[in-house]
Amino acid sequence: MRLEDKVAVVTGGGSGIGRAICERFAAESACVTVAEIDSESGLETVSRIRRLGGKAEFVRTDIRDEESIQDSVVKTVSAFGKLNVLVNNAAAFVIRDVNASAEEWEAMLNTNIRGTAFCVKHALPEIRKAGGGAIVNIGSISSVLGQPSMVTYNATKGAILTMTKCLALDLGSDNIRVNCLCPGNIKTPALINHMKSLGKTYEEAVKQMAPLNFLGRIGTPEEVANCAAFLVSDDASFVTGAALFVDGGYSAQ
Ligand SMILES: NC(=O)c1ccc[n+]([C@@H]2O[C@H](COP(=O)([O-])OP(=O)(O)OC[C@H]3O[C@@H](n4cnc5c(N)ncnc54)[C@H](O)[C@@H]3O)[C@@H](O)[C@H]2O)c1
């Protein structure tokens with residue numbers, strides 16, 4: 001199995017893309033900590049994995065809080081003996097134009113930028129102890145595109161991509177690879193809620209969004225998870241500082 005020797009922390013593993021990543025990693029024999037702020041959904045991910053014979057633990061984690069992040073690292077090492085993979089997937093979705101309030105900016109910056117950086121900061125000593133490993137930051141097509149009324153979201157997703165490149169440079173000598181996975185439109189609760197907030201049903205939104213990429217459809221969380229599994233596996237041993245777009249070609253036009 002490709003991820004047999006991997007111990008992973010996946011933030012936001014209770015829903016959507018994060019849950020699919022946890023399940024895919026476990027299916028490839030990784031040990032997985034579901035680091036999620038919502039206990040019910042996080043525990044459900046763990047049950048789904050264990051039902052199929054996989055190894056997973058839930059640690060209630062708020063990535064805005066350094067102590068909470070440290071706790072998830074300590075509990076991972078105590079459960080599984082080490083830590084060598086981190087997936088920074090959790091995000092806030094306060095999607096606003098430039099009229100965003102200070103509170104709205106704070107919500108986005110604290111989770112998406114500071115939270116991502118703090119998770120790396122607190123996972124690093126253990127990943128180094130393990131002799132190296134891999135970090136995947138979940139960016140977006142919004143990391144590189146201008147999109148209408150999405151200033152807060154795209155600014156933070158752009159920062160995650162740039163942060164990825166800096167980390168890849170800083171950590172290469174520690175044998176730690178850092179890459180950014182950039183999904184396009186993927187059917188998850190976050191996408192459905194965003195569409196609702198724009199006054200559209202999911203079906204209406206799909207009709208508009210699907211033709212905007214080369215494959216003419218919306219992606220699935222599992223299609224993103226497949227690429228995350230590749231990036232943390234030894235198949236990607238010479239890949240670092242990269243942005244991998246999982247978007248049906250949306251960003252290529
Ligand atoms: N769905 C898409 O179309 C899409 C497209 C591009 C990028 N993404 C990115 O993929 C990632 C996952 O998005 P999703 O669509 O699966 O969203 P989702 O809302 O389904 O899942 C996000 C999870 O993160 C958790 N979370 C939120 N704040 C947290 C915190 N402070 N600490 C710990 N956990 C927290 C939530 O409880 C939730 O379980 C995000 O980084 C998002 O920006 C999604």
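## Helices across the sheet

Helix α1 (residues 16–27) lies across β1 (7–11), β2 (31–36), β4, β5 and β6 (176–183). Its direction is about 170° to β1. Helix α8 (residues 221–232) lies across β4, β5, β6 and β7. Its direction is about 165° to β6. Axes here are lines fitted to C-alpha atoms, for helices over the stretch in contact, and angles run from 0 to 180 degrees between N-to-C directions. Contact means heavy atoms within 4.5 Å. Helices (H or I, at least four residues) and strands (E, at least two) are DSSP runs, numbered from the N terminus.

The model is predicted: local features need pLDDT of at least 70, side-chain atom pairs count only at pLDDT 80 or more, and totals for chains, interfaces and linings use all residues. Residues are numbered from 1 along each chain as its sequence is written, and side-chain values use heavy atoms, with hydrogens and water left out.

## The parallel sheet

The sheet is open and has 7 strands. Their order is β3-β2-β1-β4-β5-β6-β7, and the pairing is parallel. The edge strands are β3 (55–60) and β7 (243–246), and each pairs on one side only. On average, neighbouring strands are turned by 20° against each other, direction ignored. Two strands pair if DSSP finds at least two bridges between them. Strands of a sheet pair through backbone hydrogen bonds, either parallel or antiparallel.

Two pairings involve β5. Strand β4 (residues 85–88) and strand β5 (residues 133–138) pair in the parallel sense over 4 bridges. Leu86 has Ile135 in β5 as its bridge partner. On to β6, 6 bridges join β5 and β6, which run parallel. Here Val136 stands opposite Asn179 in β6.

Strand β6 is largely enclosed by the rest of the structure, because 8 of its 8 residues are buried. Buried means under 20% relative accessible area, exposed over 50%, and partly exposed in between (1.4 Å probe, protein chains only). Ile176, Val178, Cys180 and Cys182 point one way from β6. Arg177, Asn179, Leu181 and Pro183 point the other way. Both sets are buried.

Asn137 is found in strand β5. Its relative accessible area is 0%, so Asn137 is buried.

Helix α4 (residues 102–129) has 28 residues. From its first C-alpha to its last it reaches 39 Å, close to the 40 Å expected at 1.5 Å a residue. The expected span is 1.5 Å times one less than the number of residues.

A kink of about 40° lies at Ala123, shortly before the proline Pro125. The bend at a residue is the angle between axes fitted to the seven residues ending there and the seven starting there. Gly131 follows α4, with a positive phi near 90°.

## Salt bridges

The whole structure holds 15 salt bridges. A salt bridge is a side-chain nitrogen of Lys or Arg within 4 Å of a carboxyl oxygen of Asp or Glu. One of them joins Glu23 and Arg48 (2.5 Å, N to O). This pair links distant parts of the chain: Glu23 sits in helix α1 and Arg48 in helix α2 (residues 39–51), 25 residues apart. Glu23 is partly exposed at 23% relative accessibility. Arg48 is partly exposed at 32%.

Arg51 and Glu44 meet at 3.8 Å, N to O. Arg51 counts as exposed at 62%, whereas Glu44 is partly exposed at 33%. Glu104 and Arg96 meet at 2.8 Å, N to O. Glu104 is partly exposed at 21%, and Arg96 is partly exposed at 35%. A network of salt bridges links Arg2, Arg24, Glu28 and Asp235.

## After β7

Gly249 lies in the segment after β7. At 14% relative accessibility, Gly249 counts as buried. Gly249 touches Asn213 and Phe214, not counting residues up to four places away in sequence. Gly249 and Gly184 are 65 residues apart in sequence and 8.5 Å apart in space, C-alpha to C-alpha.
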